Amino acid sequence: MPECPAQGCLNQQGTGEAKRKPFFFISDGKYPTKRGLSQRWLHSIGTGHTVHNFTFGRHKVVCVDHFPGIALRRT
């Protein structure tokens with residue numbers, strides 16, 4: 001089950017309170033067009049990873065708690 005890798009975050013997608021929280025995939029940093037965004041996300045979640053040493057994958061997500069002030073649009 002995907003879990004948020006942010007420093008001190010215990011949210012897991014699909015469990016407990018996190019069932020109602022949006023999770024966002026961390027863009028794969030190997031693509032030049034997404035490398036900057038990936039690096040900013042990795043820096044903001046405080047893991048110490050960079051796009052060069054982070055293992056990207058389909059279960060690598062970040063929960064909405066780490067995007068303060070974000071306005072989510074429900075469709």
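Two residues are in contact when heavy atoms of theirs lie within 4.5 Å. Keep that in mind as you look at this predicted model, which has one helix and two strands. From the N terminus on, those elements follow the order β-α-β.

**Val51 and its surroundings**
- Leaving aside neighbours within four places in sequence, Val51 is in contact with Gly29, Arg35, Ser38, Gln39, Leu42 and Phe56.
- Is Val51 buried or exposed? Val51 counts as buried, because its relative accessibility is 12% and the cut-off for buried is under 20%.
- Val51 and Ser27 are 24 residues apart in sequence, and their C-alpha atoms are 9.7 Å apart in space.

**Helix α1**
- The 13 residues of α1 reach 19 Å from first C-alpha to last, close to the 18 Å expected at 1.5 Å a residue.
- Ser38, Trp41 and Leu42 are the buried residues to look for in α1. Viewed down the helix axis, the buried residues fall within an arc of 95°, so they line one face of α1.
- An α-helix has 3.6 residues a turn, so residues three or four places apart point the same way.
- Turn to the face of α1 that points away from its buried side, and you will find the exposed residues Arg40 and His43.
- The cover over the buried residues of α1 includes β1 and β2.
- Just after α1 comes Gly46, with a positive phi of about 70°.

**The nonpolar core**
- The largest nonpolar core holds 15 residues, and Cys4, Ile26, Leu42, Phe56 and Val62 have the most contacts inside it.
- Both α1 (32-44) and β2 supply at least two residues of this core, with β2 giving the most, at three residues.
- Which residues does Phe56 touch, not counting those up to four places away in sequence? They are Ile26, Ser27, Asp28, Gly29, Ser38, Leu42 and Val51.
- In soluble globular proteins, nonpolar side chains tend to be buried together.

**The chain as a whole**
- Of the 75 residues in the protein, 31% count as buried.
- The protein exposes about 5,400 Å², and carbon and sulfur atoms supply 52% of that area.
- Among contacts with a separation of 6 or more, 53% join residues 24 or more positions apart.

**Confidence**
- The pLDDT averages 80 over the protein, and 88% of the residues score at least 70.
- Confidence is lowest in strand β1 (residues 23-25), with a mean of 85, and highest in strand β2 (residues 61-63), at 87.

Key
Residues are numbered from 1 along each chain as its sequence is written. Side-chain values use heavy atoms; hydrogens and water are left out. pLDDT is the predictor's confidence in each residue, from 0 to 100. Helices (H or I, at least four residues) and strands (E, at least two) are DSSP runs, numbered from the N terminus. A nonpolar core is a set of buried Ala, Val, Leu, Ile, Met, Phe, Trp, Tyr and Cys residues joined through side-chain atoms within 4.5 Å. Buried means under 20% relative accessible area, exposed over 50%, partly exposed in between (1.4 Å probe, protein chains only). Accessible areas come from the Shrake-Rupley method with a 1.4 Å probe; for residues, only the protein chains shown count as cover. The expected span of a helix is 1.5 Å times one less than its number of residues. The arc is that of the directions from the helix axis to the C-beta atoms.
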